[in-house]
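Visitor: I would like to learn how to read the features of a model such as this one. Please take me through it step by step.

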Amino acid sequence: MSLNMKTFTQALAKTAAVIGKTVETTVQEVTGPKALQDYELLDQIGSAGPGLAWKLYSARARDVTRQQAQYPMVCVWVLDKRALSEARARAGLTKSAEDAFLDLVRADAGKLVRLRHPGIVHVVQAMDENKNAMAMVTEPLFASVANVLGNFENVSKVPRELKGLEMSLLEMKHGLLQIAESLEFLHSNARLIHRAISP
């Protein structure tokens, strides 16, 4: 019986690739999306996005060299898919409605990576996901607009800085101007329509 070394080498390479992919998938399922591996979550600072489904955490890079980068502190956005499924079931919605919501989140996160404007949050690490969660990393944030306005849905412990926060009339006017400028950029330059603006 003769053994073709080229065929044998190719079979070994394919086997190694399959094993490597299996190990990578298993590690990700255990540790979560890449953002949760690369950053240490500190405190939940708020919630954001459609239905305030995202939990926002202040975080710092686990790798010391990364901490010296543009942002020593960042904001990690985490969407718990299991909690989303439970909420969907309680609301009596179909699995296809949940899938459509997750597809929308994926598409919006993909667009956000490419946008550059002072009024639009800067993405530091693109969204990654596994079967249990989605996560992405942005510049540091104080909270979402909804949280500043007093909506603390999906926030386990309201940060001290947000409790009883009152904005002056000047801050509100400046904030509205920033929102208008950001929307103008989205519509005119990026050719996108933001369909989730609400107080």
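**Pockets, a helix and single residues**

Guide: α4 gives the largest share of the lining of the second largest pocket, 5 residues. Keep in mind that the model is predicted.

Visitor: Which residues lie closest to the centre of the second largest pocket?

Guide: A53, L79, D80, A83 and L84 are the closest to the centre, out of 27 lining residues. The pocket has a volume of about 530 Å³. At least two lining residues come from each of β2, β3, α4 and α5. By class, the lining has 15 nonpolar, 5 polar and 7 charged residues.

Visitor: What is the volume of the largest pocket?

Guide: Its volume is about 2,300 Å³. The lining of this largest pocket has 50 residues, and the closest to the centre are G119, V145, I179, H194 and I197. The elements that give two or more residues to this lining are β2, α5, α6 and α7.

Visitor: Which element gives the largest share of the lining of the largest pocket?

Guide: α7 does, with 10 residues. Sorted by class, the lining of the largest pocket has 33 nonpolar, 11 polar and 6 charged residues.

Visitor: Back to α4. How should I read burial along a helix, and which residues of α4 are buried?

Guide: Buried means under 20% relative accessible area, and exposed means over 50%. In α4 (81–91), the buried residues include K81, L84 and R88. These three are on the same side of α4 because they cover an arc of only 55° around the axis. R82 and R90, on the other side of α4, are exposed.

Visitor: What do the buried residues of α4 pack against?

Guide: They pack against β3, α5, β4 (123–129) and β5 (133–138).

Visitor: Now a residue in a strand. Is T138 buried or exposed?

Guide: T138, in strand β5, counts as buried because its relative accessibility is 0%, and the cut-off for buried is under 20%. The side chains of T138 and W77 are joined by a polar contact of 3.0 Å. Leaving out residues up to four places away in sequence, T138 touches V74, C75, W77, V121, H122, V123 and V124.

Visitor: What does A59 touch?

Guide: With residues up to four places away in sequence not counted, A59 touches Y39, E40, L41, L42, P72, M73, V74 and V76. A59 lies in strand β2 and is buried, with a relative accessible area of 0%. From C-alpha to C-alpha, A59 and P72 are 8.9 Å apart in space, and they are 13 residues apart in sequence.

Visitor: Last, a loop residue. Where is E166 found?

Guide: E166 is in the loop between α6 (145–148) and α7 (169–188). Exposed means over 50%, so E166, with a relative accessible area of 72%, is exposed. E166 and V148 are 18 residues apart in sequence, while their C-alpha atoms are 8.3 Å apart in space.

Methods
Residues are numbered from 1 along each chain as its sequence is written. This is a predicted model: local features need pLDDT of at least 70, side-chain atom pairs count only at pLDDT 80 or more; totals for chains, interfaces and linings use all residues. Side-chain values use heavy atoms; hydrogens and water are left out. Helices (H or I, at least four residues) and strands (E, at least two) are DSSP runs, numbered from the N terminus. Buried means under 20% relative accessible area, exposed over 50%, partly exposed in between (1.4 Å probe, protein chains only). On a 1 Å grid over the protein atoms alone, a cavity is a set of points where a 1.4 Å probe fits but cannot get out, and a pocket is an open set with protein on both sides within 12 Å along at least five of seven lines; lining residues have an atom within 4 Å of a point. Grid points are joined across faces, edges and corners, and a volume is the space filled by probe spheres set on the points. Ala, Val, Leu, Ile, Met, Phe, Trp, Tyr, Cys and Pro count as nonpolar, Asp, Glu, Lys and Arg as charged, and the others, Gly among them, as polar. The arc is that of the directions from the helix axis to the C-beta atoms. Contact means heavy atoms within 4.5 Å. A polar contact is a pair of N or O atoms within 3.5 Å; within protein, one must be able to donate a hydrogen and the other to accept it, and residues adjacent in sequence count only if both atoms are side-chain atoms.
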